[in-house]
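Open the model in your viewer and keep the selection tool at hand. The stops below say what to select and what is there.

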Amino acid sequence: MMTITARHVIAPLLLALSGLAVAASDAGNLGALRGHMALEQDPAPARIEDPLKDQGIQDREYIHQPPLIPHQVRDYEVDLKVNQCLSCHGWKNAASRNAPRVSPTHYENRDGLTLSDISPRRYFCQQCHVPQTGAAPLVENTFTPVESLR
Ligand code: HEC
Ligand code: HEC
């Protein structure tokens with residue numbers, strides 16, 4: 001049977017504490033979009049890079065990735081009454097607009113039942129689909145897709 005010595009208690013404790021120290025010192029280096037400005041101050045409005053136009057369908061990096069939006073979305077209205085994305089991507093209009101239609105998952109509710117219209121949880125398209133800009137990434141990323149998608 002193992003006896004609990006001071007070492008068993010102190011070593012994990014020290015580890016946990018050093019973890020805290022690292023977290024605290026890293027926090028000072030994290031650059032948010034608003035820089036290091038106090039919350040009550042208004043930063044100069046950040047200039048958002050222009051979105052890239054008409055890049056054509058983009059490769060996906062993993063199987064369940066929401067595909068990237070390859071076109072501009074400026075002024076496309078999505079609110080309670082209107083969803084302009086669906087005017088091209090909904091099943092009713094996609095063929096005539098020559099646009100890819102949303103997949104059947106967009107008609108499924110959270111219980112897996114297929115609805116006759118877009119599921120509320122897939123209504124706000126830009127929760128998951130994003131247009132691209134030419135901006136440099138804020139955080140370095142070394143993700144590579146699985147072999148079969150490369
Ligand atoms: C005027 C029609 C039109 C509207 C409105 C529109 N799109 Fe598109 N969208 C297209 C077409 C056409 C393509 C295919 C682009 C190509 O083949 O180069 C496309 C491609 C896409 C793709 C890529 C699909 C894939 O399989 O890679 C996504 C995601 C997308 N659109 C999302 C949106 C979202 C979100 C909105 C609303 C903010 C929207 N679109 C509004 C016409 C439209
Ligand atoms: C909760 C996240 C989410 C939301 C919200 C969402 N999508 Fe998707 N979308 C996905 C994912 C994930 C995929 C790829 C897997 C799949 O089809 O489910 C996808 C796939 C697509 C595709 C490609 C379909 C295909 O067969 O290749 C289009 C086009 C698309 N979405 C458009 C839209 C539009 C337009 C809206 C808004 C009406 C929307 N999506 C809302 C996550 C989302």
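**First stop: N83**

Select N83 and show what surrounds it: leaving aside neighbours within four places in sequence, N83 is in contact with E77, V78, Y123 and C125, where contact means heavy atoms within 4.5 Å. N83 lies in the loop between α1 (6-27) and α2. Is N83 buried or exposed? N83 counts as buried, because its relative accessibility is 11% and buried means under 20% relative accessible area, exposed over 50%, and partly exposed in between, with a 1.4 Å probe and protein chains only.

**What you are looking at**

This is a predicted model, in which local features need pLDDT of at least 70 and side-chain atom pairs count only at pLDDT 80 or more, while totals for chains, interfaces and linings use all residues. Residues are numbered from 1 along each chain as its sequence is written, chains are lettered from A and ligands numbered from 1 in the order in which they are written, and side-chain values use heavy atoms, with hydrogens and water left out.

**The whole chain**

Zoom out and colour by secondary structure. The protein has 3 helices and 0 strands, and its pattern along the sequence reads α-α-α. Helices (H or I, at least four residues) and strands (E, at least two) are DSSP runs, numbered from the N terminus. Of the 150 residues of the protein, 13% count as buried. Among contacts with a separation of 6 or more, 41% come from residues 24 or more positions apart.

Go to S87, which is found in helix α2 (residues 84-89). S87 counts as partly exposed, because its relative accessibility is 24%. Its side chain reaches the backbone oxygen of Q84 at 2.5 Å; such a polar contact is a pair of N or O atoms within 3.5 Å, where within protein one must be able to donate a hydrogen and the other to accept it, and residues adjacent in sequence count only if both atoms are side-chain atoms. Not counting residues up to four places away in sequence, S87 touches N93 and R97.

Next select W91, in the loop between α2 and α3. W91 counts as partly exposed, because its relative accessibility is 43%. Beyond four places in sequence, W91 touches R101, V102, P104 and Y107. W91 and R101 are 10 residues apart in sequence and 5.7 Å apart from C-alpha to C-alpha.

**Ligand 1**

Now select ligand 1 and show the residues around it. Which residues are the closest to ligand 1? They are G56, H71, C85, C88 and H89, out of 20 residues that surround this ligand, each with a heavy atom within 4 Å of it. The shell divides into 12 nonpolar, 7 polar and 1 charged; here Ala, Val, Leu, Ile, Met, Phe, Trp, Tyr, Cys and Pro count as nonpolar, Asp, Glu, Lys and Arg as charged, and the others, Gly among them, as polar.

H71 has an N or O side-chain atom 2.9 Å from a nitrogen atom of ligand 1. For H89, the distance from such an atom to a nitrogen atom of ligand 1 is 2.8 Å. A polar side-chain atom of R60 lies 3.2 Å from an oxygen atom of ligand 1.

**Ligand 2**

Ligand 2 is surrounded by 22 residues, and the closest are S103, H106, C125, C128 and H129. By class, its shell has 10 nonpolar, 8 polar and 4 charged residues. An N or O atom in the side chain of S103 is 2.3 Å from an oxygen atom of ligand 2.

**Last stop: H106**

Select H106, in the segment after α3 (94-97). H106 is buried, because its relative accessible area is 12%. Its side chain has an N or O atom 2.8 Å from a nitrogen atom of ligand 2. A polar contact of 3.2 Å joins the side chains of H106 and T105. Setting aside neighbours within four places in sequence, H106 is in contact with I118, S119, R122 and H129.
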